[in-house]
Amino acid sequence: MRNILESLVGVALCCVSLHACPQELIAHRDAGVESLTRNEARLFFTMRLKNWPNGTLVKVFVLPDNNALHNRFSNEILGLYPYQLRRVWDRQIFSGTGQAPTTVSSEQEMLDRIATTPGAIGYADGPIDDSSIRLLEVR
């Protein structure tokens with residue numbers, strides 16, 4: 001019986017370790033902020049906040065709607081379902097009041113674009129080790 005319990009604990013720890021690297025909210029190093037509230041993050045990703053506090057224009061990058069990281073980020077960090085984000089973006093496009101974020105094809109492309117685009121914001125699986133990218137705490 002004890003061996004079975006030890007095996008189950010081992011399996012559970014392996015499953016948890018698959019998601020041990022949490023997704024990170026990231027921005028270009030010159031974003032000028034260290035943290036955002038969940039509401040501020042939502043406002044950036046729904047394209048309602050258009051400038052950083054230092055006046056730099058925000059450039060939002062996201063992964064495709066069906067990407068697992070996009071789904072986790074939307075749910076866990078923004079507290080929204082991906083379809084809710086898509087609905088907001090589509091409404092802004094069709095009404096002529098805004099635009100959708102730039103969709104990148106991979107996490108590596110996300111990191112490259114965030115590192116090289118002033119005002120950029122996005123997300124990636126952690127840990128991130130790039131001095132051109134700033135990790136933002138969500139509080």
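I began with the largest pocket, which holds about 180 Å³ of space; a pocket here is an open set of points on a 1 Å grid over the protein atoms alone, where a 1.4 Å probe fits, with protein on both sides within 12 Å along at least five of seven lines. The volume is the space filled by probe spheres set on the points.

I kept in mind that this is a predicted model, in which local features need pLDDT of at least 70 and side-chain atom pairs count only at pLDDT 80 or more, while totals for chains, interfaces and linings use all residues. Residues are numbered from 1 along each chain as its sequence is written, and side-chain values use heavy atoms, with hydrogens and water left out.

I then looked up the pocket lining (residues with an atom within 4 Å of a point), which includes Met47, Lys50, Lys59 and Gln99; the lining divides into seven nonpolar, two polar and two charged residues.

For confidence, I noted a mean pLDDT (the predictor's confidence in each residue, from 0 to 100) of 88 for the protein chain, with 84% of its residues at 70 or more.

Turning to helix α5 (a DSSP run of H or I, at least four residues), I found that its buried residues (under 20% relative accessible area, 1.4 Å probe, protein chains only) are Met110, Leu111, Ile114 and Ala115. Seen down the axis of α5, these fall within an arc of 125° (taken from the directions from the helix axis to the C-beta atoms), so they line one face of the helix. They pack against the strands (DSSP runs of E, at least two residues) β1, β3, β5 and β6.

Note on methods:
Buried means under 20% relative accessible area, exposed over 50%, partly exposed in between (1.4 Å probe, protein chains only). Contact means heavy atoms within 4.5 Å. Ala, Val, Leu, Ile, Met, Phe, Trp, Tyr, Cys and Pro count as nonpolar, Asp, Glu, Lys and Arg as charged, and the others, Gly among them, as polar.
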